[in-house]
Amino acid sequence: MRIAVTGASGLVGRFLTCGLAAAGHEVHTLPGWRLGQPAPLEGCAALVHAAFAHVPGKYRGGEGDDPAGFLALNGDGTRRLFDDAQRAGVGRVVFLSSRAVYDAWPAGTPLPDGTEVAPDSLYGRLKAEAEAELTARTAPGFTGASIRATGIYGPGPDHKWQSLFTDYLSGRPVAPRRATELHGDDLTAAVLLLLESRETGSFNASDLLLDRHDLLAEVARLTGCPHAPPPRSDAKVSVMTCERLTALGWRPGGWDALSASLPQMLSGGA
């Protein structure tokens, strides 16, 4: 199947393009295309929309000092992309949403599939609005699904824990924290399942509830670093459960996936 992927040059996009190609699909990365421009989607059977314009290093708060431009580029740009997909005869769209659509729920709130959206950032609001836009366009020959993904980790030259590992290995203080995490390969596996499915609506995608203490203790074991990891965090965390994806056969890799990735991440390998 010929699949267009937006945002292919980002960390998440690189996981998607590699995984889709490894599964035997022809991947079209739309070279030179940017949100808001006409998208060359002719001949594509499916679209995975992972592009998002934001200030460097930030998703929440990614509007910087230009919230109007942020809303126009991402909101109007995504609507235009969906228009282009329908005109080009693309039959299936998978949209990369975010757990940020839930951020206004109190910390520690369980988040099963179908939980009402409650964003508290422009980023979360845009993701929720794009989800609704895609669902509203469902018609014969055009279906879509959105993945509410948690934080994505995995090997790459700019992986999410690069500065954390540098600080820890250098002996600088590291604050306690725990958060939900998902390997990029497991996100790709979820995308593949949704491309093959006719299911619509939103799907939670999350795996580990990971404490920095445990992560950095494993880093210490692998590197021989003498520094103590930070204390365990006692912060409440809202955890998504993923019934809809697991019903399709999705099985994320858990701690084994993390352990297998750490040597590459520590060595700087892609």
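**Notebook: loops, strands and helices of a predicted model**

I began with Leu 30, which I found in the loop between S2 and S3; helices (H or I, at least four residues) and strands (E, at least two) are DSSP runs, numbered from the N terminus. Before going on I noted that this is a predicted model, in which local features need pLDDT of at least 70, side-chain atom pairs count only at pLDDT 80 or more, and totals for chains, interfaces and linings use all residues. I also noted that residues are numbered from 1 along each chain as its sequence is written, and that side-chain values use heavy atoms, with hydrogens and water left out.

Leu 30 has a positive phi of about 50° although it is not a glycine. I looked up its accessibility and found 3% relative accessibility, so Leu 30 counts as buried, where buried means under 20% relative accessible area, exposed over 50%, and partly exposed in between (1.4 Å probe, protein chains only).

Next I turned to S1, where 4 of the 5 residues are buried, so this strand is largely enclosed by the rest of the structure. I see S1 running parallel to strand S2 (residues 26-28), joined by 3 bridges; two strands pair if DSSP finds at least two bridges between them. In this pairing Ala 4 stands opposite His 28 in S2.

I then followed helix H2 (residues 67-87), whose 21 residues reach 30 Å from the first C-alpha to the last, close to the 30 Å expected at 1.5 Å a residue (the expected span is 1.5 Å times one less than the number of residues). Its buried residues include Phe 70, Leu 81, Phe 82 and Asp 84, and the buried residues of H2 pack against strand S1 (2-6), strand S3 (46-49), strand S4 (92-98) and helix H3 (122-136). Just after H2, Gly 89 takes a positive phi of about 80°.

Trp 105 I located in the loop between S4 and H3, and with a relative accessible area of 31% it is partly exposed. Leaving aside neighbours within four places in sequence, Trp 105 is in contact with Leu 111, Thr 115, Glu 116 and Ala 118, contact meaning heavy atoms within 4.5 Å.

For H3 I noted 15 residues and a reach of 21 Å from its first C-alpha to its last, close to the 21 Å expected at 1.5 Å a residue. Among its buried residues are Leu 122, Tyr 123, Lys 127 and Glu 131, and what covers the buried residues of H3 includes H2, S4, strand S5 (143-149) and strand S8 (201-205).

I also checked an open sheet, in which 3 strands lie in the order S6-S7-S9 with mixed pairing. Its edge strands are strand S6 (151-153) and strand S9 (208-211), each pairing on one side only. Strand S7 (residues 178-183) pairs with S9 in the antiparallel sense over 4 bridges, and there Arg 178 stands opposite Asp 211 in S9.

Last, I looked at helix H4 (residues 162-170) and helix H6 (residues 212-223), which pack at an angle of about 65° with their axes 11 Å apart; axes are lines fitted to C-alpha atoms, for helices over the stretch in contact, and angles run from 0 to 180 degrees between N-to-C directions. The contact is made by residues including Phe 165 and Tyr 168 of H4 and Leu 215 and Val 219 of H6.
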